[in-house]
Amino acid sequence: MVEDVINIFREYLKIRSVHPDPDYDACVDFVKNKADEYGFKTQIFPLDEKRPVLIVTLEGSEPSLPSILLNSHTDVVPVFEEQWSYDPFGAEMDQEGNIYARGSQDMKCVTIAQLEALRRIKCSQVKLKRTVHMTLLPDEEIGSIEGMAKFVHTKTFKDLNVGFDIDEGIPSADEEFLIFNNERCKWGILIHCTGTTGHGSLLHKNTAGEKLRIVIDHFMDLREKEAVKFQTVQHLGDITTVNLTQLQEDEMAQYYQEEVERMSQDIYHGIAMILRRTGQHLEISFLMP
Ligand SMILES: [Zn+2]
């Protein structure tokens with residue numbers, strides 16, 4: 001029986017529900033077919049043409065009571081295939097039983113574990129007092145704007161009469177499951193640094209680069225402070241994580257680089273020294289021909 005669940009899990013992992021063009025239909029069809037086979041009530045609710053929600057229901061003996069919701073998402077984050085030693089959608093299993101695929105942890109394992117848990121409850125003939133719903137939602141990895149944020153305002157969601165929800169968490173390797181009772185909030189911040197531009201041979205005042213430096217310094221100071229705090233609290237929920245993920249120049253920035261070709265050996269060695277201080281082997285590339 002355990003082999004069956006693992007096979008189901010591996011088949012589910014092979015579905016390319018990867019951004020930017022996730023195959024959501026294949027995901028909900030796959031899980032719906034299994035749930036139908038086990039005799040659950042199922043429903044597909046289309047949020048729009050491309051984004052179906054699957055609802056699987058195990059009815060309780062007192063269905064008027066607020067229900068329990070087990071939620072998971074169907075999408076997975078993009079892959080850089082060249083960085084993988086296994087096909088990210090091959091769901092290969094090695095000799096030790098490790099399974100390799102994008103979404104194996106986040107969070108297709110949870111979906112299949114939830115389905116299997118419901119199946120076992122159903123087979124055990126134990127009748128739960130409350131109804132349990134499983135929902136599979138799209139677009140979680142890109143902020144849920146067209147997913148859960150929309151779904152919670154629908155009549156279909158309200159009719160589920162949810163009392164509480166067990167949502168995404170971390171998978172467990174044994175019989176113990178950690179339940180966290182709060183949610184960390186994510187803020188994506190875009191800071192647009194503008195400033196004086198002009199010929200690269202001059203030292204302009206009030207440049208974007210100087211402002212960017214102040215901004216980055218402050219955020220990195222906060223990051224460092226939180227990293228120190230983390231050593232004592234050891235709990236991600238008690239700290240603020242700060243990560244710089246993108247730096248983007250606009251077209252005017254080309255001006256700053258115009259004079260790079262005249263860079264003296266002194267400056268070159270100065271930059272190399274700064275880069276060495278990062279503790280990494282970072283390389284300098286010249287943008288000018
Ligand atoms: Zn996730």
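My entries follow, grouped by topic.

**Ground rules.** I am working with a predicted model, where local features need pLDDT of at least 70, side-chain atom pairs count only at pLDDT 80 or more, and totals for chains, interfaces and linings use all residues. I number residues from 1 along each chain as its sequence is written. I take helices (H or I, at least four residues) and strands (E, at least two) as DSSP runs, numbered from the N terminus.

An open sheet of 5 strands runs 1-2-6-3-7, with mixed pairing. I call two strands paired if DSSP finds at least two bridges between them. The edges are strand 1 (41–48) and strand 7 (162–166); each has a single partner strand, so one side of each lacks a neighbour in the sheet. On average, neighbouring strands are turned by 25 degrees against each other, direction ignored. For angles I use axes fitted to C-alpha atoms, for helices over the stretch in contact, and the values run from 0 to 180 degrees between N-to-C directions.

I then checked one pair. Strand 3 (residues 67–73) and strand 6 (residues 132–137) are parallel, with 6 bridges. Histidine 73 sits opposite leucine 137 of strand 6.

**Helices on the sheet.** I count a contact when two C-beta atoms, placed from the backbone, lie within 7 Å. Helix 2 (residues 24–37) packs on the sheet and touches strand 1, strand 2 (51–58) and strand 6. Its direction makes about 15 degrees with that of strand 2. Helix 3 (residues 108–123) also packs on the sheet, touching strand 2, strand 3 and strand 6. Helix 3 makes about 160 degrees with the direction of strand 6.

**Cis bonds.** I found a cis peptide bond from histidine 19 to proline 20, with omega near 15 degrees. Proline 20 is in the loop between helix 1 (2–13) and helix 2. Another cis bond joins aspartate 106 and methionine 107, with omega about -10 degrees. Methionine 107 is in the loop between strand 5 (99–100) and helix 3.

**Positive phi.** I score burial by other C-beta atoms (placed from the backbone) within 10 Å: buried at 20 or more, exposed at 12 or fewer, partly exposed in between. Aspartate 139 is not a glycine, yet its phi is near 65 degrees. It lies in the loop between strand 6 and helix 4 (148–151). Aspartate 139 is buried, with 23 C-beta neighbours. Asparagine 206 also has a positive phi, about 65 degrees. Its loop runs between strand 7 and helix 6 (208–233).

**Helix 6.** None of its 26 residues is buried, so helix 6 lies largely in the open. Just after helix 6, glutamine 234 has a positive phi of about 55 degrees.

**Annotated site.** Which residues does UniProt list for "binding site"? The unreviewed entry gives His73, Asp106 and Glu168. They span 96 residues in sequence, but no two of their C-alpha atoms are more than 8.5 Å apart, so they gather at one spot. I note that UniProt annotations may be inferred rather than shown by experiment.

Is histidine 73 buried or exposed? Histidine 73 is buried, with 26 C-beta neighbours. Beyond four places in sequence, it touches Met107, Leu137, Pro138, Glu140 and Glu141.
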